[in-house]
Amino acid sequence: MNAIIDINIWELAMGFLLLIFPMAFFYYFRIRMEKDVLINVVRMAVQLFLVALYLEFIFTLNNAWVNSLWVLLMIIVGVFTITRRVSLNRKYFIVPFFIAGLTSILIIDTFCLGFILKLDYVFDARYFIPITGMVLGNALNHNIVGLNRYFTSLTEKRELYQFLLTNTANSKIAIRPFIEDAARAALNPMIANMSVIGLVTLPGMMTGQILGGSPPAVAIKYQVMIMVAIFVGCTINIFFSIILSNRFIFDAYGNFKQNLIQQKKKQLQKK
Amino acid sequence: MNSSYFSDMIHFENISLSFSEKIIFDNLTITINQGEKICLSGPSGRGKSTLLNLLQGYVLPNKGKIIINGKVLNDSTIREIRKQIISIPQNINLPVKNGMELVELLEISQNLHAIKEYNQKLDLESDILIKDFAKISGGQKQRLLISICLSQPKDIILMDEPTSSLDDKSIELLINVIGELKGRTIISASHNQLWAKSSDKIIEL
């Protein structure tokens, strides 16, 4: 395989010209998204360049403590993003979501890096950082969807929860449909994605590896492993987040504590 | 007064409750004996459903206490109290496709025989349990929900607007079924005159 062709900065800048198409649509249909798109595209580019600089540094250093610290930082940023996007009262949810994220990463990384790839040095930045990042990144998106559904349902379908709680006198049965609903909302898109992968979509990791010079057969094996890892990581993350949250989101009478959801969300629900 | 005095009844003692500025109950005291059929009546917003919610611990009074079969309702007794209560809401959106799935969700498959008996008494077809909720009428769904809930061997039955989707014939059937439930306490919130008249006592709120 040939070495990857590098893109110089001007060529990369030319790539931004593609944005003319969405901008033209936004302009034609009077959709005020231009500013949002431009700000976020620039933000994405700046963030990725900074990450590239940082990754170059930590790849060279390749120190277990530094790499672990980076992963912890990713988990913390993820936790803050979830609480903000789901409009949850941060002080209650930071610890359970952090534990859920950390647990999923510990299980996935131990299994993938330790048992499957059998790395001599499991904290090797080349494997540890990207695999953890992919699992956490995907878990973040799906967790937001699942947890949003969970807390919204508990608020909006209070009558159903109370009906089940009184008639069964069992809180585990009463929250079961809500957990199922949240799990489906979080995981269904991923299951659907798995069913069309390779046919309709070519996943980023595999494409990246092929572009980087790996034979497709090797790239596919990594992709299969990472797909399973992402699915399992997301599942562990969403279930742990819910299980740990359940310990404090209900009062002694089993009523859902609505004050844990921020005012902004309550107002939106009233509308 | 000693709570053991109310060992076979439901007692609301000096209940006061307000939401924001609105006073719902002000020193309300009600005693309901075991086996009584009570209908809570009155215009909307007077606290009929709230009273049912108070009994289940979903609304807590600002003042006063509720004693159910000798136990003061509080955070340590609520689990035991709920074990004695059946709650039949009106027009609830259920996360299941049919009655059978609801039976499974409530984990009361052992009650299937009783459910079928109630179905028969409420003039529901024998295969109603497996019929899609989307394909049966509101009245059929309400009667089926009542059948499923009543099949639980619990002493206190709370019914919120049990006749809201029923025609007069179905209301008569339901009154007959409820009349046969000897020894079980029924507390319902209803605007329906036919239903109210069939109760032992009407409490005007």
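These legends walk through several close-up views of a predicted model.

View 1. Let's start with the overall build of chain A. Its secondary structure comes to 11 helices and 0 strands, so from the N terminus on the elements read α-α-α-α-α-α-α-α-α-α-α. The C-alpha trace of chain A spans about 65 × 55 × 35 Å along its principal axes. Of the 271 residues in chain A, 41% are buried.

**View 2. Where chain A meets chain B.** Here you can follow the contact between the two chains, to which chain A brings 17 residues and chain B brings 28 residues. Between chain A and chain B the buried area is about 2,000 Å². Carbon and sulfur atoms give 61% of that area.

**View 3. The salt bridge between the chains.** This view turns to charged side chains. The count between chain A and chain B is 1 salt bridge. Arg176(A) and Glu107(B) are the partners, with their side chains meeting at 3.0 Å, N to O.

**View 4. The second largest pocket, lined by both chains.** This pocket has a volume of about 660 Å³. Its lining counts 24 residues, and those closest to the pocket centre are Arg158(A), Gln162(A), Asn53(B), Tyr58(B) and Val59(B). To place the lining on the fold, look in chain A for helix H7 (158-168), which supplies at least two residues. In chain B, helix H1 (48-56), strand E6 (85-88) and strand E7 (156-160) each supply at least two residues as well. Sorted by class, the lining has 12 nonpolar, 9 polar and 3 charged residues.

**View 5. Leu150(B) and its surroundings.** Leu150(B) belongs to helix H5 (residues 138-150) of chain B. Its relative accessibility is 1%, and because the cut-off for buried is under 20%, Leu150(B) counts as buried. Setting aside neighbours within four places in sequence, Leu150(B) is in contact with Ile86(B), Ile88(B), Tyr118(B), Ile157(B), Val177(B), Ile178(B), Leu181(B) and Arg184(B). Asn14(B) lies 136 residues from Leu150(B) along the chain, and the C-alpha atoms of these two residues are separated by 30 Å.

Technical notes:
Residues are numbered from 1 along each chain as its sequence is written. Chains are lettered from A and ligands numbered from 1 in the order in which they are written. This is a predicted model: local features need pLDDT of at least 70, side-chain atom pairs count only at pLDDT 80 or more; totals for chains, interfaces and linings use all residues. Side-chain values use heavy atoms; hydrogens and water are left out. Helices (H or I, at least four residues) and strands (E, at least two) are DSSP runs, numbered from the N terminus. Buried means under 20% relative accessible area, exposed over 50%, partly exposed in between (1.4 Å probe, protein chains only). Contact means heavy atoms within 4.5 Å. On a 1 Å grid over the protein atoms alone, a cavity is a set of points where a 1.4 Å probe fits but cannot get out, and a pocket is an open set with protein on both sides within 12 Å along at least five of seven lines; lining residues have an atom within 4 Å of a point. Grid points are joined across faces, edges and corners, and a volume is the space filled by probe spheres set on the points. Ala, Val, Leu, Ile, Met, Phe, Trp, Tyr, Cys and Pro count as nonpolar, Asp, Glu, Lys and Arg as charged, and the others, Gly among them, as polar. Buried area is the accessible area (1.4 Å probe) that two parts lose on being put together, summed over both. A salt bridge is a side-chain nitrogen of Lys or Arg within 4 Å of a carboxyl oxygen of Asp or Glu.
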